[in-house]
Amino acid sequence: MKEQDKRAVESLCRCGMSLESVMGSFPNFPREEIEAIYNSANDVKSDAGEGIGISINCS
């Protein structure tokens, strides 16, 4: 897979598409590579945990 292809797959993974939807969008790409990119993109999201911990002062 070319670098541009990897970025296209990653952008779909980051916008919330399911793994099966991403694979359906790129049927000619190797499943293993798409899974690796999907897992990598979603690991970034899961590192944040339950909440980000934003504090707002409304005074």
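1. Glu 35 and Arg 31 form a salt bridge, with 3.1 Å between the closest N and O atoms; the term requires a side-chain nitrogen of Lys or Arg within 4 Å of a carboxyl oxygen of Asp or Glu. Both residues belong to helix α3 and stand four residues apart, about one turn of the helix. Glu 35 counts as partly exposed because its relative accessibility is 25%; buried means under 20% relative accessible area, exposed over 50%, and partly exposed in between (1.4 Å probe, protein chains only).

2. The model is predicted: local features need pLDDT of at least 70, side-chain atom pairs count only at pLDDT 80 or more, and totals for chains, interfaces and linings use all residues. Residues are numbered from 1 along each chain as its sequence is written, and side-chain values use heavy atoms, with hydrogens and water left out.

3. The secondary structure consists of three helices and zero strands, and the order along the sequence is α-α-α. Helices (H or I, at least four residues) and strands (E, at least two) are DSSP runs, numbered from the N terminus.

4. Glu 20 is exposed, at a relative accessible area of 51%, whereas Arg 31 is partly exposed, at 42%.

5. The whole structure contains three salt bridges. One of them brings together the side chains of Arg 14 and Glu 10 (2.8 Å, N to O). These two residues are separated by about one helical turn because they are four residues apart in helix α1. Arg 14 is partly exposed, at 38% relative accessibility, and Glu 10 is partly exposed too, with a relative accessible area of 28%.

6. The largest nonpolar core has nine residues: Val 9, Cys 13, Val 22, Met 23, Phe 26, Ile 34, Ile 37, Tyr 38 and Ala 41. At least two residues of this core come from each of α1 (3–14), α2 (19–25) and α3 (31–46). Helix α3 provides the largest share, four residues. A nonpolar core is a set of buried Ala, Val, Leu, Ile, Met, Phe, Trp, Tyr and Cys residues joined through side-chain atoms within 4.5 Å.

7. Which residues does Ile 34 touch, not counting residues up to four places away in sequence? They are Met 1, Val 9, Leu 19, Val 22, Met 23, Phe 26 and Phe 29. A contact here means heavy atoms within 4.5 Å. Among contacts in the protein between residues at least 6 apart in sequence, 49% join residues at least 24 apart.

8. The structure has one aromatic pair. Its members, Phe 26 and Phe 29, are stacked, at 5.2 Å centre to centre with 10° between the planes. Rings of Phe, Tyr and Trp (its six-membered ring) pair if their centres lie within 6.5 Å; planes under 30 degrees apart count as stacked, over 60 as edge-to-face and the rest as tilted. Phe 26 counts as buried because its relative accessibility is 18%, while Phe 29 is partly exposed, with a relative accessible area of 22%.

9. The 12 residues of α1 should span 16 Å at 1.5 Å a residue, and its end C-alpha atoms are 16 Å apart, so the two values agree. The expected span of a helix is 1.5 Å times one less than its number of residues. Gly 16 follows α1 and has a positive phi, near 100°. Asp 5 is located in helix α1 and is partly exposed, at 23% relative accessibility. Although Asp 5 and Phe 26 are 21 residues apart along the chain, 9.3 Å separates their C-alpha atoms.

10. Of the 59 residues in the protein, 17% are buried. The accessible surface comes to about 4500 Å², and carbon and sulfur atoms account for 50% of this area. Accessible areas come from the Shrake-Rupley method with a 1.4 Å probe; for residues, only the protein chains shown count as cover.
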